[in-house]
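Dear colleague,

Please find below the structure that I am handing over to you. A summary of the findings comes after it.

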Amino acid sequence: MSAESNSAVGEQSSAKPKKAAKGSTIKSESRLAMVRRARRINRELAEVYPYAHPELDFRNPFELLVATVLSAQTTDLRVNQTTPALFAKYPTPEDMAAAVPEELEAVIRPTGFFRAKAKSLIGLSTALRDRFDGEVPGRLADLVTLPGVGRKTANVVLGNAFGVAGLTVDTHFGRLVRRWKWTEQEDPEKVEAEIAAIFPKSEWTMLSHRVIFHGRRICHSRKPACGACPIAHLCPSYGEGETDPEKARKLLKYEMGGYPGQRLSPPADYPGKPAPPLGAA
């Protein structure tokens, strides 16, 4: 990690954010004003997280697809700690399609719900082998026909393995866009449609990374670190979490708090520490 990167993270963590204006009447905000505020949040998040990236380790579309399926109901960290052994044993769709279920289950057990996930992995691998010549398709319509693959997973794969723009509406993304009053929708597909109407398509993939990064590091579900948030001045929900700057800084996670990230093999420009392998102290 460079001294410059360390300095940048330290500045982000210690900067005192502006408070949201008192008496803010978000209910009367026009759609145009909301869109302008949303796009400004995106621009400012791009400055805070210029290194935002998918937090699953992968080397090819198949590995990203499998890792994303495994990430349901667990952390990306636990998936990343599990997949090295998984891909060493089953490096291709053909290998995974031929897996003995009990043996596959044993490898992915740390990710939870391992029986259901093993069934999906064998099913999607079989479909890739039989219907797509062993290759992960680069179209949404094809990806969602695979067992265990929905729009969220498909958009992750398309955006990060194929460069096809897409919005990843996971729990963090949905929570934050509602907290920021960009939408009131709860259904992921409706959220995706409404947010897609706010931003140009070219921004969708990176917007997803930035929002998810922010949700994992600062704007937490139960206790957001409002007092350490660099976009607090743009947030209509400021005050839902800890507003004292010192207390809020103690809530920061991953590189913002000086801790390892979720990837064992992060991108070269990531300013934090790599995560430890499974079983490491």
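The model is predicted: local features need pLDDT of at least 70, side-chain atom pairs count only at pLDDT 80 or more, and totals for chains, interfaces and linings use all residues. Residues are numbered from 1 along each chain as its sequence is written, and side-chain values use heavy atoms, with hydrogens and water left out.

**The largest pocket**

The largest pocket holds about 730 Å³ of space. Of its 31 lining residues, Asp76, Asp170, Thr171, His172 and Arg216 are the closest to the centre. The search runs on a 1 Å grid over the protein atoms alone; a pocket is an open set of points with protein on both sides within 12 Å along at least five of seven lines, a cavity is a set where a 1.4 Å probe fits but cannot get out, and lining residues have an atom within 4 Å of a point. Points are joined across faces, edges and corners, and a volume is the space filled by probe spheres set on them.

By class, the lining of this pocket comprises 8 nonpolar, 16 polar and 7 charged residues. Here Ala, Val, Leu, Ile, Met, Phe, Trp, Tyr, Cys and Pro count as nonpolar, Asp, Glu, Lys and Arg as charged, and the others, Gly among them, as polar. At least two lining residues come from each of α9 (151-161), α10 (171-179) and α12 (204-217), and α12 gives the largest share, with 6 residues. Helices are DSSP runs (H or I, at least four residues) numbered from the N terminus.

**Helix α10**

Helix α10 is largely enclosed by the rest of the structure, because 7 of its 9 residues are buried (under 20% relative accessible area, 1.4 Å probe, protein chains only). These are His172, Phe173, Gly174, Arg175, Leu176, Val177 and Arg179. They pack against α11 (188-196) and α12, where contact means heavy atoms within 4.5 Å. At the start of α10, a side-chain oxygen of Asp170 comes within 3.1 Å of the backbone nitrogen of His172. Just after the helix, Lys181 has a positive phi of about 65 degrees.

The whole structure contains 1 cavity of 30 Å³ or more. The largest cavity has a volume of about 100 Å³. Cys219, Pro224, Cys226, Cys229 and Cys235 are the closest to its centre among the 14 residues that line it. That lining consists of 10 nonpolar, 2 polar and 2 charged residues.

How many disulfides does a search of the whole structure find? The search finds 0, a disulfide being a pair of cysteine sulfur atoms within 2.5 Å. The sulfur of Cys219 is 6.1 Å from the closest cysteine sulfur, that of Cys235, and is therefore too far for a bond. Cys229 is likewise in no disulfide, as the nearest cysteine sulfur, in Cys219, is 6.4 Å away. Cys219 is buried at a relative accessible area of 7%, and Cys229 is buried at 9%.

**Aspartate 57**

Asp57 sits in the loop between α2 (31-48) and α3 (61-70), and it is buried, with a relative accessible area of 12%. A polar atom of the Asp57 side chain lies 3.0 Å from the backbone nitrogen of Leu264, and the side chain also reaches the backbone nitrogen of Ser265 at 3.3 Å. Leaving aside residues up to four places away in sequence, Asp57 touches Ala67, Asn80, Arg263, Leu264 and Ser265.

Yours sincerely

How values were computed:
Buried means under 20% relative accessible area, exposed over 50%, partly exposed in between (1.4 Å probe, protein chains only). A polar contact is a pair of N or O atoms within 3.5 Å; within protein, one must be able to donate a hydrogen and the other to accept it, and residues adjacent in sequence count only if both atoms are side-chain atoms.
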